[in-house]
Amino acid sequence: MSLTQIANFFDTAIVIALFIFMILSFYYILYFIEAYRKPKKFEKGSIKYKFAILIPARNEDNVISNILNSLKKQTYDKNYFDVYVIIESKDDPTFNITKKFGYKVIIRKDLVNKRTKGFALQEAYDYIKTLKTKYDALMIFDADNILSPNYIELLNDVKNKGYQIGVGYRNFTNSRKNWVSACSATLFSFMNQFTSKGRSRYFEKATLTGTGYYVDTQVVDDAGGWIWTGFTEDVALTTYCYYHNVSMHYYPHAMYYDEQPTKFKILHTQHIRWVFGFFEDKNKYKKGNVIYNKDHMVRRRIGIMEYNLSIFPFLTFIITEGIACIVTLGLLIAALVLKEPNAEYIGFHCLINFCLLYLSFVLAAVISILLDHKNLKFGFWRSLLVMFSYFFFFFDFLSAFFDGLVHKKKRTNWNKIEHNGELINAEVLRINNDGKERKN
């Protein structure tokens, strides 16, 4: 087989991969349409549900004041939510800060091989079950989050609609800090406005991305307690919800804020955790006889199919294109060394393959920025920077995979993500400190 024939073979493979991608990604079209629709706002709920606010906050004294301050400013009746900050030692400065705000502290006791956020939530839930207070739902946040004043009130409206899990819009405290934070915010924006919004509309599901959600305590009890304890407990819980048909709703009118990494090293640590957490064995979360909302079983089956496909059609296309780029580049080098007459033809194929691969990420960034420009607020030049460098941001996921594969400790040890509490977003500044920037 000649070098030109090999190049043509990969062209055929690319066309097939594109065709498969388009067939299996039919729901992306629906999601794209839904993303441009104005979200419906619920009426004020007649029932006041009781929430337990859980905040894993090991050594988070740099940022914990921000979220506790925003909880003090909630418009929701203070008698209907309790705040529990979860730490590992009374020597942690977070302890005294929490006490000054008048909130409760849970000091963990069982830490052996249980240092993940999921285990912290499990221990906290077990403790809460021993109390006389009965809660209708748990609401999960990270220490670096900041809530809009009406956040709990709006999620209570969602719960009044009967949804067992509700989550608001994840905005950002520092998305415009630098390239790292901007690209990270763009990724979460896509998951907010595209994935979660579409899944909520068509399947009564959502993409949980760490925090900002409530979960009905009955769901946790039926599961046998807080069983989602891996590196990515949010992915595990999302998986459970699909297979057990838990009703979920993404509600963009409710807004909370999250700090994005500003250093590439921190971003890389996050990516290792996400990559290996995503590929965790999730079969244990699919088991169990509890199935909710049995009048929507057809939608459940279609939803499970969509969830299992998830990003794999896109990954199939990216991997195929990536291999094609490497192979055609190798063919080009061989053709130049051997002075093949069709070297220019092979070089053109190599260029086309790279352009398709590169432009697919440009398109993803363009969609995110256009859909969510009101919240991202990047400006023209920052938008261009993110669009044309998004490929290199995503390349770190591949780097993280190989890094974790080679270094076992990186994929098995829970490494704390450092937060500095720097606030750039103007809305957050107004919520937190009357318009003055604050760094705890």
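Ser 70 is found in helix 3, which spans residues 64-72, where helices (H or I, at least four residues) and strands (E, at least two) are DSSP runs numbered from the N terminus. The model is a predicted one, in which local features need pLDDT of at least 70 and side-chain atom pairs count only at pLDDT 80 or more, while totals for chains, interfaces and linings use all residues. Residues are numbered from 1 along each chain as its sequence is written, and side-chain values use heavy atoms, with hydrogens and water left out.

With a relative accessible area of 1%, Ser 70 counts as buried, a class that means under 20%, with exposed set at over 50% and partly exposed in between (1.4 Å probe, protein chains only). Leaving aside neighbours within four places in sequence, Ser 70 is in contact with Ile 146, Leu 147 and Ile 431, contact being heavy atoms within 4.5 Å. Val 105, by comparison, is 35 residues from Ser 70 in sequence and 17 Å from it in space, C-alpha to C-alpha.

Helix 1, residues 3-24, holds Phe 10, and this residue is buried at a relative accessible area of 16%. Beyond the neighbours within four places in sequence, Phe 10 is in contact with Ile 323, Ala 324 and Val 327; the C-alpha atoms of Phe 10 and Ile 323 are separated by 9.0 Å, although the two residues are 313 apart along the chain. Phe 19 also lies in helix 1, but Phe 19 is exposed, with a relative accessible area of 54%. Together with Ile 16, Ile 20, Ile 23 and Leu 24, Phe 19 makes a nonpolar surface patch of about 460 Å². Patches are made of residues with over 30% relative accessible area and no salt bridge, with like charges joined within 9 Å and nonpolar side chains (Val, Leu, Ile, Met, Phe, Trp, Tyr) within 5 Å. A salt bridge here is a side-chain nitrogen of Lys or Arg within 4 Å of a carboxyl oxygen of Asp or Glu, and the accessible areas come from the Shrake-Rupley method with a 1.4 Å probe, only the protein chains shown counting as cover for residues.

Trp 226 is buried at 1% relative accessible area, and Trp 228 is buried at 0%. The rings of Phe 401 and Phe 402 have centres 5.3 Å apart and planes at 75°, so this pair is edge-to-face, with Phe 401 partly exposed at 30% and Phe 402 partly exposed at 45%. Ring pairs also link a cluster whose members include Trp 179, Phe 188, Trp 274 and Tyr 358.

Finally, the backbone can be examined through phi. Most residues other than glycine have a negative phi. Glu 204, not a glycine, has a positive phi of about 55°; Glu 204 lies in the loop between helix 7 (179-203) and strand 7 (213-216) and is buried, at 19% relative accessible area. Asn 293 likewise has a positive phi, near 50°, and is found in the loop between helix 11 (283-286) and helix 12 (297-309), where Asn 293 is partly exposed at 29%.

Definitions and conventions:
Rings of Phe, Tyr and Trp (its six-membered ring) pair if their centres lie within 6.5 Å; planes under 30 degrees apart count as stacked, over 60 as edge-to-face and the rest as tilted.
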